[in-house]
Amino acid sequence: MAFEPSPQLLEYTEKVIPRYPQKRSAIMMILHALQREVGYISLEAQEWIAAQLDLAPIKVREVVTFYPFYREHPIGKRHIRVCRTLSCALNGGYQVCEKFKSEFITGLNEISPDGRVTVEFAECLASCGTGPVALIDDDLHENLTEESVKALCDQIKAETPAAPVPAAPAHA
Ligand code: FES
């Protein structure tokens, strides 16, 4: 099914493209706006962006798949990204991830059954001295322990209403 942009996204796209000497240079601005609005960037949305920028769809896909902060699939309401790079891994990053998963009874890269979260691994989040760390949405949480992860999960459960969603395909 073809992607239908919202009037706001359409207006933004028409405004941002002329700011650049070449249309293609607006690609990341449009990808950010689209993901902020829709939550992820589907293949249909990538085709729509490609058409706006006179690009082949594969050129848009190359950008989306290169940067880990772009998503091609829906996620839960809260996005938990646990660092698995060396310093954090040595300090318990994998156990932290397991704790998040078990608190929400979910697998990696999936939407939890209550719709509240998606738990993923991330590469170095530039806070190696305070590992293990995790990003919850845009907030960095440092020096995580089993207890502090439990407290964060309790907070998410209290703040975020459950809304089970149909299972989304797992992604790498
Ligand atoms: S290794 Fe985890 S923040 Fe750098």
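Which residues of the largest nonpolar core touch the most other members? What we are looking at is a predicted model, in which local features need pLDDT of at least 70 and side-chain atom pairs count only at pLDDT 80 or more, while totals for chains, interfaces and linings use all residues. Residues are numbered from 1 along each chain as its sequence is written.

The secondary structure comes to seven helices and four strands, where helices (H or I, at least four residues) and strands (E, at least two) are DSSP runs numbered from the N terminus. From that terminus on, the elements run α-α-α-α-β-α-α-β-β-β-α. The C-alpha atoms fill a box of roughly 50 × 35 × 25 Å, taken along the principal axes.

Let me turn to the sheet. The four strands form an open sheet in the order E2-E1-E3-E4, with mixed pairing, and two strands are said to pair if DSSP finds at least two bridges between them. Strand E2 (117-122) and strand E4 (139-141) stand at the edges with a single partner strand each, so one side of each is left without a neighbour in the sheet. Neighbouring strands are turned by 25° against each other on average, direction ignored; the axes here are lines fitted to C-alpha atoms, for helices over the stretch in contact, and angles run from 0 to 180 degrees between N-to-C directions. Strand E3 (residues 134-136) runs antiparallel to E4 and is joined to E4 by three bridges, and alanine 134 stands opposite histidine 141 in E4. Helix H6 (residues 93-103) packs on the sheet, touching E1 (78-83), E2 and E3, and the direction of H6 makes about 155° with that of E1; contact is taken as C-beta atoms, placed from the backbone, within 7 Å.

Now to the opening question. The largest nonpolar core has 18 residues, of which Val82, Val96, Phe100, Val119 and Ala134 touch the most other members. Such a core is a set of buried Ala, Val, Leu, Ile, Met, Phe, Trp, Tyr and Cys residues joined through C-beta atoms within 7 Å, and buried means that 20 or more other C-beta atoms lie within 10 Å of the residue's own. The elements giving two or more residues to this core are E1, H6, E2 and helix H7 (146-159), and H7 gives the most, with four residues. Leaving aside residues up to four places away in sequence, the contacts of valine 82 include Val96, Phe100, Val119 and Ala134. Apart from this core lies another, of twelve residues, among them Ala26, Ile27, Ile41 and Leu53.

Conventions: Two residues are in contact if their C-beta atoms, placed from the backbone, lie within 7 Å.
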